[in-house]
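Here's a quick briefing for anyone meeting this structure for the first time. Take a look at the sequence and the model, then read on.

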Amino acid sequence: MFRIFLSKIRPPIPMRSLTYLFLLVLPLGLLGCGGSSASDDGAPASYVPPGEKDDYYLFYSGGHSGQVFVAGLPSLREIQEIPVFTPSPGHGYGFSKKSKKMMGEYRWGDVHHPGLSKTDGTYDGRWLFVNDNANNRVARISLRDFKTKQILGPIPNSMGNHGSSFVTPNTEYLLVATRFSVPLPKGTHAPVETYEENFNGIVSGVDIDPETGEMEVGWQVKTPPFNWDLGSTGKGPSDGWAFWTSYNTEMAHDSLEINASQRDRDYAAFVNWERAEEVVENNEGLNRRNGVPLIDPAEHEGVMYFVPVSKSPHGIDASPSGRWIAASGKLQPTTTVFDFKQFKTAIENEDFQGEFRGVPVVNYDAVVEGEVPVGQGPLHTQFDGEGNAYTSLFIESSVTKWKLPPWDKETTEDMSKAVTDKISVHYNIGHLVIPGSDTKEPYGNWLVAMNKLQKGRGLNVGPEKPETSQLIDISGEEMEMIEEDYTRPEPHFAQAVPADVINPIEVYKKENNDHPDARWDPENTGVERTGPDEVTVHMIAKRSQYYPDKVEVQQGDKVTFHLTNIEQVSDMIHGFGIAQYNMNGVVPPGDTQTFTITADEAGVYPFYCTNFCSALHQEMQGYLEVKPR
Ligand code: CUK
Ligand code: CUA
């Protein structure tokens, strides 16, 4: 059997290959965490030399920064930021008409869970979906150009979109569950003291168009006022199902720290989304609420079941085979493994231990395969596709590696035998990610630990510390710490996908530009009065000039700029900043964007290219003349 190290920070020397000797003579600084996996020249295994590329894209959620950021794996170098719910002047996001419209009235979002689109249970490289925990929205990013294409929401009847975005095996749905319960529909008031009677949670099925990726809310399932936490979607035998856990089946509405931690077991919800779809298609006596069909699981058999799960759970994850469902309770040092096949048998035989508000509670003993003693504060589990699972331990600041079933007799008699390795991380890990963990064929090799607190491990930047990420090599039997990095606020979860699965474009091709106000020839540009207080400008940007470079308007005019970057060369971005007009557009090659300002201040205002583009970038400027009325 493998030994379990409490800490892998200083592995015993004889255990290691020759490469370890190389590492000993390297300056400590190069070693990150003192990791021991290295190539023959002594560089850490995560080292990607200048000019070479990473093997994987890593999409981090940006938490309450409202963004997604992209890093390479294994280097952990940040490659790109994708603004989603928050303005980002460096990308002109929040300045263009399109991005402003998408963001709506909100200026932030809380992105927790990115989910890649899938075909037949594996990543297809088309889209990345993310949730907004704060404003109940979901968004779709196209991986052709790494741009946000749609923001849907606020989702009606929903409060606290935390339990998403989980993508079904053929991207039929994004499944969303609420963290908070409120009286429904939105706008209804009821005293918080009447929580148990008047408040509800919601699970929503967000329908995805298989061709365009366009999202719309398909249906909703009403739940008791539980706080739904993390979920996942089924696959294989559990395809058609999705899973969430609740940490507040106590239905506490105040001092949750104490009051939501009373019961020894909470519930996981097993939701049959194919059945929910059928209920809606057959229109089985459904109510609509705010335009959305609302399913009461007490009235529609087979939509939802509760399964008891260890105390105050957080995450629940379906294994690559789809048979084993692993749920972890923060306040119990075990990860519970359910057998989906036994679950199916239990519901067929109505092997229930009771019901809760009309929802059957499945007999725990009938569906549980085992409780693995992973350690203190287990949160999330990932899978490597080799029969191993990896669970993050918030309290212990560790990752535990354990074996999925089937287990031998020795293990079922002593579940600690299922645990095969443990590694310390610094500090207090939340999520962790393995490339492809939620697909039917994970890519394995690497694990990234996303740590919440850094406790002095990096240079001090004052009271507000960055989060950290740590890279762990999981290709061997024992996990090895390789590299440590800092991230922006505030990754919760991430998705990682082999680079060759994604095929981004280099430029927007002229022939594909369908903006009605695109212009390609300086002859066709110009400033036009289109109303008593309205001016429209058709403008071109190219190295290193704007056409026109003088725009004359009257004070009070609404001025709309349609700016086309006519470059067809990769990386040739032009910006459009107007001094003192709170405007910075950014137009990638071949794209046309629309910007509007109200010229309420008379005077002369230079505009200039904000994106360094050529030797004459500094010369790329013009004037907005605003004549007094
Ligand atoms: S939650 Cu953040 S550590 Cu929002 Cu995915 Cu578990
Ligand atoms: Cu165009 Cu700088």
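The C-alpha centres of domain 1 and domain 2 sit 43 Å apart. Keep in mind that this is a predicted model. The chain splits into domain 1, running over 56-501, and domain 2, running over 510-627.

**How the domains meet**

- On the domain 1 side, 6 residues make contact with 8 residues of domain 2.
- Sorted by class, that side of domain 1 has 2 nonpolar, 3 polar and 1 charged residues.

**The overall build**

- You'll find 8 helices and 42 strands in the chain.
- Of the 629 residues in the chain, 50% are buried.
- Take the contacts between residues at least 6 apart in sequence: 60% of them join residues at least 24 apart.

**Around ligand 1**

- Which residues surround ligand 1? The list is His112, His113, His162, Leu230, His314, Leu379, His380, Gly430, His431, His492 and Phe493.
- Strand S24 (378-383) and strand S28 (429-433) are the elements that each give two or more residues to this shell.
- By class, the shell around ligand 1 comes out as 3 nonpolar, 8 polar and no charged residues.

**The annotated stretch**

- An unreviewed UniProt entry carries the annotation "domain: Cytochrome oxidase subunit II copper A binding", and it covers residues 532-629.
- Over residues 532-629 the chain is 0% helix and 56% strand.
- The end C-alpha atoms of this stretch, 532-629, are 12 Å apart.

**The loop between S13 and H4**

- Asp254 has its place in the loop between strand S13 (241-246) and helix H4 (256-259).
- Is Asp254 buried or exposed? Asp254 counts as exposed, because it has 11 C-beta neighbours inside 10 Å, and the cut-off for exposed is 12 or fewer.
- From Asp254 to Val626 it's 372 residues in sequence and 57 Å in space, going C-alpha to C-alpha.
- Met251 also belongs to the loop between S13 and H4.
- Phi of Met251 is near 60°, which is a positive value in a residue other than glycine.
- Met251 has 17 C-beta neighbours inside 10 Å, so it counts as partly exposed.

**On either side of S28**

- Tyr427 lies in the loop between strand S27 (419-424) and S28.
- The peptide bond leading from His426 to Tyr427 is cis, and its omega is near -20°.
- Asn445 sits in the loop between S28 and strand S29 (446-451).
- Phi of Asn445 is positive too, near 70°, in a residue other than glycine.
- Asn445 counts as buried because it has 20 C-beta neighbours inside 10 Å, and buried takes 20 or more.

- Which loop holds Pro548? Pro548 is in the one between strand S35 (545-547) and strand S36 (550-554).
- The peptide bond from Tyr547 to Pro548 is cis, with omega near -5°.

Conventions. Residues numbered from 1 in each chain as written. Chains lettered and ligands numbered in written order. Predicted model: local features only at pLDDT ≥ 70, side-chain atom pairs only at ≥ 80, totals over all residues. Near = placed C-beta within 6 Å. Helix = DSSP H or I, 4+ residues; strand = E, 2+ residues; numbered from the N terminus. Nonpolar A, V, L, I, M, F, W, Y, C, P; charged D, E, K, R; others polar. Domains from an automatic or database assignment. Contact = placed C-beta atoms within 7 Å. UniProt positions renumbered as here; feature names shortened; annotations may be inferred.
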